[in-house]
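Subject: The model we talked about

Hello,

Here is the model I promised to pass on. Have a look at it first, and my notes follow below.

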Amino acid sequence: MVDDFINHLKLRKKYKKVFVIGSSFGGSLVLYLKNADRRVSISPVIDWKNLFKGRKGYNYRTFKNFLEKYGYKISDQGWKLLKSGKVFPKLKSIDLKNQLLLVYSSKDPEIDVYNLEQLIKKFSLKAIKFSKKQHLSLRKLRKSTIKKY
């Protein structure tokens with residue numbers, strides 16, 4: 001669907017280049033796009049099945065309630081699919097690796113950093129790693145951080 005929208009922008013609106021930035025859930029989506037000219041994925045969740053494994057007090061129900069509080073809508077069937085780990089297929093390849101930048105924190109409490117770093121190594125992806133103990137997001141991104149890179 002997002003790739004279709006990018007095609008629409010390029011063909012109908014005559015945009016020559018489309019840049020896509022996504023964080024967390026959106027960061028995951030960015031990994032699968034094929035038509036964007038440049039992509040930035042910030043703290044992508046790549047392991048949906050084990051998202052809350054071993055985290056006391058965290059589960060899909062509390063997460064769903066949190067997201068719904070902030071306007072996200074997802075059906076119970078959607079959550080079952082999320083928990084199955086089959087929402088996005090396992091990445092076998094990443095198109096245009098030179099046009100994808102991953103930004104993450106090595107101490108992010110919300111994502112599986114080990115699996116993300118394995119993905120970076122496997123595909124020789126460009127990455128910027130911070131060491132703050134927080135989940136990076138677009139809301140927290142500052143101009144001063146962007147200017148460094």
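Is His 135 buried or exposed? His 135 is buried, because its relative accessible area is 15% (buried means under 20% relative accessible area, exposed over 50%, partly exposed in between, with a 1.4 Å probe and protein chains only).

Before more of that, a word on how to read the model. It is predicted, so local features need pLDDT of at least 70 and side-chain atom pairs count only at pLDDT 80 or more, while totals for chains, interfaces and linings use all residues. Residues are numbered from 1 along each chain as its sequence is written, and side-chain values use heavy atoms, with hydrogens and water left out. The protein chain has a mean pLDDT of 77, and 72% of its residues reach 70 or more (pLDDT is the predictor's confidence in each residue, from 0 to 100). Where pLDDT is low, the predicted coordinates should not be read in detail. Helices (H or I, at least four residues) and strands (E, at least two) are DSSP runs, numbered from the N terminus.

The strands

Strand E1 (residues 19-23) and strand E2 (residues 38-42) run parallel and are joined by five bridges (strands pair if DSSP finds at least two bridges between them). Within this pair, Phe 19 stands opposite Arg 38 of E2. From E1 the chain crosses through H2 to E2, in a right-handed β-α-β crossover (right-handed if, with the strands pointing away from the viewer, the path from the first strand over the helix to the second runs clockwise).

E2 also pairs with E3 in the parallel sense, over four bridges, and here Ser 41 has Leu 102 in E3 as its bridge partner. Strand E3 (residues 100-105) is in turn joined by five bridges to the parallel strand E4 (residues 126-130), where Val 103 is partnered by Ile 128. The chain goes from E3 through helix H5 (residues 113-123) to E4, and this β-α-β crossover is right-handed.

The buried residues of H2 (25-32) are Gly 27, Ser 28, Val 30 and Leu 31. They fall within an arc of 155° seen down the axis of H2, so they line one face of the helix (the arc is that of the directions from the helix axis to the C-beta atoms). Their cover includes E1, E2, E3 and H5 (contact means heavy atoms within 4.5 Å).

In H5, the buried residues are Val 113, Leu 116, Leu 119, Ile 120 and Phe 123. Seen down the axis of H5, they fall within an arc of 120°, so they too line one face of their helix. An α-helix has 3.6 residues a turn, so residues three or four places apart point the same way. The buried residues of H5 pack against H2, E3 and E4, whereas Tyr 114, Lys 121 and Lys 122 are exposed on the other side of the helix. At the start of H5, a side-chain oxygen of Asp 112 comes to within 3.3 Å of the backbone nitrogen of Tyr 114. After H5 comes Ser 124, with a positive phi near 50°.

Another polar contact of 2.8 Å joins the side chains of His 135 and Asp 108.

Leu 138 is in the loop between E4 and H6 as well, and counts as partly exposed because its relative accessibility is 40%. Leu 138 lies 116 residues from Gly 22 in sequence, but the two are 7.5 Å apart in space, C-alpha to C-alpha. Not counting residues up to four places away in sequence, Leu 138 touches Ile 21, Ser 23 and Ile 42.

Two positive phi values

Lys 14, in the loop between helix H1 (2-11) and E1, has a positive phi of about 65° although it is not a glycine. Lys 14 counts as exposed, at 64% relative accessibility. Ser 43, in the loop between E2 and helix H3 (60-69), has a positive phi near 45°. Ser 43 is buried, with a relative accessible area of 0%.

Best wishes

Definitions and conventions: Polar contact = N/O pair within 3.5 Å; in protein donor to acceptor, adjacent residues only side chain to side chain.
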